Amino acid sequence: MREFTWGIAATGAIARVVGAAIVAEPGMRVAAVGSRDLGRAEALAAELGAESAYGSYEQLCADPAVDAIYIATPHAQHLQVAEAAIAAGKAVLCEKPLAATVDDAEKMVRLAREAGVFLMEAMWMRFNPLIQLIAADPRFGEIRSVQASFGFALPYEPAHRLWAPELGGGVLLDLGIYPMGLAQLLLGMPSELRVTGSLAPNGVDAEAGGALYYPGGRHALVSTSLLADYPNDARVVGTGMRADIQAPFWAPQRIVLTAKGTEPEEHVLDPADNGYAGELREVRAAVAEGRTESPIMPLDESLAMMGLLADARRQLG
């Protein structure tokens, strides 16, 4: 298999982490880095061994040496970069959430489908082998309940990207998407969502607790916060078995499965196999096979999650 090359859009912490995962993956390399700040692009390119650095995302997407673009910008810039990448015919792996708004996400998906270009939301949780084990194990029977939390105390600084509305800030898009995403993966989309919480002084969502209701009494209880430290673990309860997912539940290295009448069953993950490698491999495989979407993280499910998050944000006011 020939070498698969990546262009990284942005230079923040997640760009560095995923860039390092690309470098560590056999048969892949970072060919270019783009940023609105050329100096930052050059610094990250040097760190990752990329031969090219650009001072604009459009130049990055036009590089003929790049097979796929990884979008690591703040949410509000996802559409801009995705438009350039899709127009250039590059496969796109876009950080979660897919966009800052439902309208932006729908436009991204429409453009990708019209162009026949691969697009996938980088929901690394779905590529974690322990999460995949839970989703596929028939011993759970019917999953009846999911409980998950993700929260940490972050001092209020309006300029910080998690607090800044112009950057798509707020707890739901950044943190809440994980507990809601676990419920979506295991239970599907709810028939009803009820959310309570509070807003920061500038109006972005600071904390939220939600109940997701499904037909037949199945349910999920989720909580997320930028105001307090939460357990950040999860529990999945089925008619045949229960899973206790150790923190951080969205990238677990240990889970315990318990069924009545049996000894607890522990599964431990190699720390290097945390989900990033899985999503990178999925992009490469899709391009090689001519696929434009991933069955592991389908675009329709990304759009459904954007709608669910928008509903939650509306309920908070």
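**Strand pairing and packing in a predicted model**

Me: Which residue is the bridge partner of A243 in β13?
Reply: In β13, A243 has L257 as its bridge partner. Strands here (E, at least two residues) and helices (H or I, at least four residues) are DSSP runs numbered from the N terminus, and two strands pair if DSSP finds at least two bridges between them. This is a predicted model, in which local features need pLDDT of at least 70 and side-chain atom pairs count only at pLDDT 80 or more, while totals for chains, interfaces and linings use all residues. Residues are numbered from 1 along each chain as its sequence is written, and side-chain values use heavy atoms, with hydrogens and water left out.

Me: How many bridges join β12 to β13, and which way do they run?
Reply: Strand β12 (residues 242–245) and strand β13 (residues 254–258) run antiparallel and are joined by four bridges, and R242 stands opposite T258 in β13.

Me: What about β11 and β12, how are they joined?
Reply: A hairpin of three residues connects β11 to β12; the two strands run antiparallel with four bridges between them, and A234 has I245 in β12 as its bridge partner.

Me: Which face of β12 is covered?
Reply: A243 and I245 make up the covered face, whereas R242 and D244 lie on the uncovered one. In a regular strand the side chains alternate between the two faces of the sheet.

Me: What is the strand order in the open sheet?
Reply: The eight strands are arranged as β8-β9-β10-β7-β11-β12-β13-β14, with mixed pairing. β8 (192–199) and β14 (265–268) are at the edges with a single partner strand each, so one side of each has no neighbour in the sheet. On average, neighbouring strands of this sheet are turned by 10 degrees against each other, direction ignored.

Me: Which strands does helix α6 lie across?
Reply: Helix α6 (residues 129–136) lies across β11 (234–238), β12, β13 and β14, and runs at about 20 degrees to β13. Angles of this kind run from 0 to 180 degrees between N-to-C directions, using axes fitted as lines to C-alpha atoms, for helices over the stretch in contact. Helix α9 (residues 299–316) lies across β8 and β9 (205–213), at about 50 degrees to β8.

Me: Where does α5 sit relative to α9?
Reply: The axes of helix α5 (residues 102–115) and α9 come within 9 Å and cross at roughly 170 degrees. That makes α5 roughly antiparallel to α9, given that angles over 145 degrees count as roughly antiparallel, those under 35 as roughly parallel, 65 to 115 as roughly perpendicular and the rest as oblique.

Me: Which residues of α5 meet α9?
Reply: From α5, V102, A105, E106, V109 and R113 meet L299, D300, L303, M306, G307 and A310 in α9, where contact means heavy atoms within 4.5 Å. By class, this contact has seven nonpolar, one polar and three charged residues; Ala, Val, Leu, Ile, Met, Phe, Trp, Tyr, Cys and Pro count as nonpolar, Asp, Glu, Lys and Arg as charged, and the others, Gly among them, as polar.

Me: Changing topic, which residues have the most contacts inside the largest nonpolar core?
Reply: They are W6, L182 and F249, in a core of 111 residues. Such a core is a set of buried Ala, Val, Leu, Ile, Met, Phe, Trp, Tyr and Cys residues joined through side-chain atoms within 4.5 Å, and buried means under 20% relative accessible area, exposed over 50% and partly exposed in between, with a 1.4 Å probe and protein chains only. Helix α7 (residues 171–187) gives the most to this core, eleven residues in total.

Me: What does L182 touch?
Reply: Not counting residues up to four places away in sequence, L182 touches M125, I131, V146, A148, A234, I245 and F249.

Me: And A9, is that buried or exposed?
Reply: A9 is buried, at a relative accessible area of 0%, and its place is in strand β1 (residues 4–9). Both faces of β1 are covered, with F4, W6 and I8 buried on one side and T5, G7 and A9 buried on the other. Strand β1 pairs with strand β2 (residues 28–34) in the parallel sense over six bridges.

Me: Which residues of α4 are buried?
Reply: H78, L79, V81, A82, A84, A85 and I86 are the buried ones, seven of the ten residues in helix α4 (residues 78–87). What covers them includes β1, α3 (57–62), β4 (68–71), β5 (91–95) and α5.
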